[in-house]
Amino acid sequence: MCAALLAAVLPTARHRIQQYRAEHAQRTAADHRRRQLLHAVDWAISTAVRECWSRQVDDWRAPRIMLVSVADVIRRAEADFNLHVSREEARAVLRERLEHRGHLHTTLVTDDHDQAP
């Protein structure tokens with residue numbers, strides 16, 4: 001009786017476990033990719049800020065302009081993480097991180113707005 005019940009339940013349970021593991025692996029891979037892209041964007045922004053502060057300024061009252069582009073984000077993602085991202089995805093994450101870091105309404109210049117959606 002017990003062996004018959006076990007034989008009936010085992011294939012269903014095995015299938016559910018395999019399905020759960022596959023879904024979990026997909027979610028984990030997507031989260032990992034998202035974190036890597038966020039790191040690439042943050043490093044591109046940090047590089048722009050560092051370059052801005054390292055430039056010689058003649059007038060201390062002049063605003064410091066930081067330059068970061070979507071291409072910088074794509075290059076950083078490919079070079080550091082071997083991550084291939086689309087221009088649209090890089091643009092969206094760049095805008096999100098600029099807003100998160102408080103640079104969206106400062107003297108930071110980016111090319112994310114010059115492309116038609």
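**Figure 1. Confidence along the chain of a predicted model.** This model is predicted: local features need a pLDDT of at least 70, side-chain atom pairs count only at pLDDT 80 or more, and totals for chains, interfaces and linings use all residues. Strand β2 (residues 108-109) has the lowest mean pLDDT among the elements of the chain, 59. Helix α2 (residues 70-81) has the highest, 94. Here pLDDT is the predictor's confidence in each residue, from 0 to 100. The chain averages 83. A pLDDT of at least 70 is reached by 83% of the residues. Residues are numbered from 1 along each chain as its sequence is written, and side-chain values use heavy atoms, with hydrogens and water left out.

**Figure 2. The elements and surface of the chain.** Three helices and two strands make up the secondary structure. Helices (H or I, at least four residues) and strands (E, at least two) are DSSP runs, numbered from the N terminus. Along the sequence, their pattern is α-β-α-α-β. The chain has 117 residues, and 26% of them are buried. Buried means under 20% relative accessible area, exposed over 50%, and partly exposed in between (1.4 Å probe, protein chains only).

**Figure 3. Gln36 in helix α1.** Gln36 sits in helix α1. Its relative accessible area is 16%, so Gln36 counts as buried. Leaving aside residues up to four places away in sequence, Gln36 touches Phe81 and Leu83. A contact means heavy atoms within 4.5 Å. Across the chain, take the contacts with a separation of 6 or more: 66% of them join residues 24 or more positions apart.

**Figure 4. Arg64 in a loop.** Arg64 lies in the loop between α1 (2-54) and β1 (66-67). Arg64 is partly exposed because its relative accessible area is 26%. Val49 is 15 residues from Arg64 in sequence. In space, their C-alpha atoms are 9.3 Å apart.

Figure 5. Helix α3 covers residues 87-101, which is 15 residues. At 1.5 Å a residue, α3 should span 21 Å. The expected span is 1.5 Å times one less than the number of residues. The end C-alpha atoms of α3 are 21 Å apart, so the two values agree. Buried residues in α3 are Ala90, Arg91, Val93, Leu94, Arg97 and Leu98. Just after α3 comes Gly102, with a positive phi of about 85 degrees.
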